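Subject: Structure handover

Hello,

The structure you asked about is below.

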Amino acid sequence: MNNASPAHLLDGLSDLAPAERRQAVSVVVLRVWETPQVLLDEIPPMQALAAIAAIAAGLPGAQGRPWLDDRLRAAAVTGVTSELAGRALCALDVLVGRDSESVPLQLHVSDGDAAGALLDDLRDVLMDGIRLGW
């Protein structure tokens, strides 16, 4: 799945049973958080971002967000705990360079402002998930 598009990754997640989906995204965010170097070799940034988005999509705070489309809704992780939301937030911080252990990544996007707004919105939803204990 190293060269898979985000849409393909989300489709793959939606094909998994809920427990398998939860396990798959949990492993990805934990690996990114514990060993940021995996983003350069093992786990492509888009795969990490898809896992983070699937976790955020499973939180009540994601409802009504412009990025929560049908594909992401189908890939959403159910029963997201504050612990899982926290791991996803840590992985997001690694991915976007907010963590001291972050690795130098270059994400190529056509609209940097929109991408930044999406990442900030994901962060807000995950923070609410932690704060409110969903």
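In which helix does Asp-121 lie? Asp-121 is part of helix α7, which covers residues 112-132. Please keep in mind throughout that this is a predicted model.

Asp-121 has a relative accessibility of 15%. Buried means under 20% relative accessible area, so Asp-121 counts as buried. Its side chain makes a polar contact of 2.6 Å with the side chain of Trp-67. If neighbours within four places in sequence are left aside, Asp-121 is in contact with Arg-65, Pro-66 and Trp-67.

Glu-20 is found in helix α2, residues 18-34. With a relative accessible area of 47%, Glu-20 is partly exposed. Between Glu-20 and Val-77 there are 9.7 Å in space, C-alpha to C-alpha, although the two are 57 residues apart in sequence.

**The core**

The largest nonpolar core consists of 41 residues. Val-29, Val-32, Ile-55, Trp-67 and Leu-126 have the most contacts inside this core. At least two core residues come from each of α1 (6-14), α2, α3 (38-41), α4 (45-57), α5 (70-75), α6 (82-96) and α7. The helix that gives the most is α4, with 10 residues.

Which residues does Leu-126 contact, leaving aside its neighbours within four places in sequence? They are Ile-52, Ile-55, Ala-56, Leu-59, Ala-85, Ala-88, Leu-89 and Leu-92.

On the α2 side, the contact is made by Arg-22, Ser-26, Val-29, Leu-30, Val-32 and Trp-33. On the α6 side, Leu-84, Arg-87, Ala-88, Cys-90, Ala-91 and Val-94 take part. This crossing of α2 and α6 is left-handed.

The second pair is α2 and α4. Here the axes come within 9 Å and cross at roughly 120°, and α2 and α4 are therefore oblique to each other. The crossing of α2 and α4 is left-handed. From α2, Val-25, Val-28, Val-29 and Val-32 meet Gln-47, Ala-48, Ala-51, Ile-52, Ala-54 and Ile-55 of α4.

Regards

Key:
Residues numbered from 1 in each chain as written. Predicted model: local features only at pLDDT ≥ 70, side-chain atom pairs only at ≥ 80, totals over all residues. Heavy atoms only, no water. Helix = DSSP H or I, 4+ residues; strand = E, 2+ residues; numbered from the N terminus. Buried < 20%, exposed > 50% of the residue type's maximum accessible area, 1.4 Å probe, protein only. Polar contact = N/O pair within 3.5 Å; in protein donor to acceptor, adjacent residues only side chain to side chain. Contact = heavy atoms within 4.5 Å. Core = buried A, V, L, I, M, F, W, Y, C linked by side-chain atoms within 4.5 Å. Left-handed = near helix turned anticlockwise from the far one by under 90°. Axes fitted to C-alpha atoms, helices over the stretch in contact; angles between N-to-C directions. Parallel < 35°, antiparallel > 145°, perpendicular 65-115°, else oblique.
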